[in-house]
Amino acid sequence: AIAERAEIMALSQASHDAVIIPKEPGGLSHAERAALAERIARLSNSEELADHYHACLETADGDENLYVAANPEQAAFGDERFMEIIRFTDLVTQKPREATKQDIDALKAVGISEPDIVRLTEVLAFVNYQLRVVAGFKLAGDMQ
């Protein structure tokens, strides 16, 4: 079990780096990715992950709008593109079964390319996976 835990952690870290701080971020900057990841963690009541992604946002030198967007308790603001990304992030995080093709079309309508939609869904999928791993470790007593 200890060896499997170490392997899960190593693979998760590699995935984290590939999704949150990729060498080629495309149209979704490192700071935007960190802000969205922090938002997902906060929506899911995971202070540990929220704190981690807040530190990532600080490292990525995000602008003030991204700090606001990272906190779902504040009224997010920004350009139409990023507001649609936030809406999609909240939907997929809170009500994934309600996401439809029309939600993808709404992303495209504000100028988000298909490769960037894939990048966005990678962030959403990874952070939600990470939340489940943390919850599993907590249940097993490996985290406080």
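**Reading helices, burial and salt bridges**

Student: Which residues make the nonpolar surface patch of about 250 Å²?

Tutor: I8, M9 and Y129 make it. Patches use residues with over 30% relative accessible area and no salt bridge; nonpolar side chains (Val, Leu, Ile, Met, Phe, Trp, Tyr) are joined within 5 Å, and like charges within 9 Å. Accessible areas come from the Shrake-Rupley method with a 1.4 Å probe, and for residues only the protein chains shown count as cover.

Student: What should I know about the model and its numbering?

Tutor: This is a predicted model: local features need pLDDT of at least 70, side-chain atom pairs count only at pLDDT 80 or more, and totals for chains, interfaces and linings use all residues. Residues are numbered from 1 along each chain as its sequence is written, and side-chain values use heavy atoms, with hydrogens and water left out.

Student: How many residues of α2 are buried?

Tutor: Twelve of its 14 residues are buried, so α2 is mostly covered. Among them are A31, L36, R39 and L43.

Student: What span is expected for a helix?

Tutor: Take 1.5 Å times one less than the number of residues. Helix α2 (residues 30-43) reaches 20 Å from its first C-alpha to its last, close to the 20 Å expected. Helix α7 (residues 114-139) has 26 residues and reaches 38 Å, close to the 38 Å expected.

Student: What follows each of these helices?

Tutor: After α2 comes N45, with a positive phi near 60°. Just after α7, G141 takes a positive phi of about 85°.

Student: Which residues does D90 touch?

Tutor: Contact means heavy atoms within 4.5 Å. Leaving out residues up to four places away in sequence, D90 touches R39, L43 and K95. D90 sits in helix α5, residues 80-94. Its relative accessibility is 16%, so D90 counts as buried.

Student: Which side chain makes a polar contact with the side chain of D90?

Tutor: A polar contact is a pair of N or O atoms within 3.5 Å; within protein, one must be able to donate a hydrogen and the other to accept it, and residues adjacent in sequence count only if both atoms are side-chain atoms. Here the partner is the side chain of R39, at 2.7 Å.

Student: How many salt bridges are there?

Tutor: The rule asks for a side-chain nitrogen of Lys or Arg within 4 Å of a carboxyl oxygen of Asp or Glu. The count comes to nine. One of them joins E84 and R87, with the closest N and O atoms 2.6 Å apart. E84 and R87 are three residues apart in helix α5, so about one helical turn separates them. E84 counts as buried because its relative accessibility is 13%. R87, at 32%, counts as partly exposed.

Student: Which residue pairs with K108?

Tutor: E114, at 3.0 Å from N to O. K108 is partly exposed at 35%, while E114 is exposed at 52%.

Technical notes
Helices (H or I, at least four residues) and strands (E, at least two) are DSSP runs, numbered from the N terminus. Buried means under 20% relative accessible area, exposed over 50%, partly exposed in between (1.4 Å probe, protein chains only).
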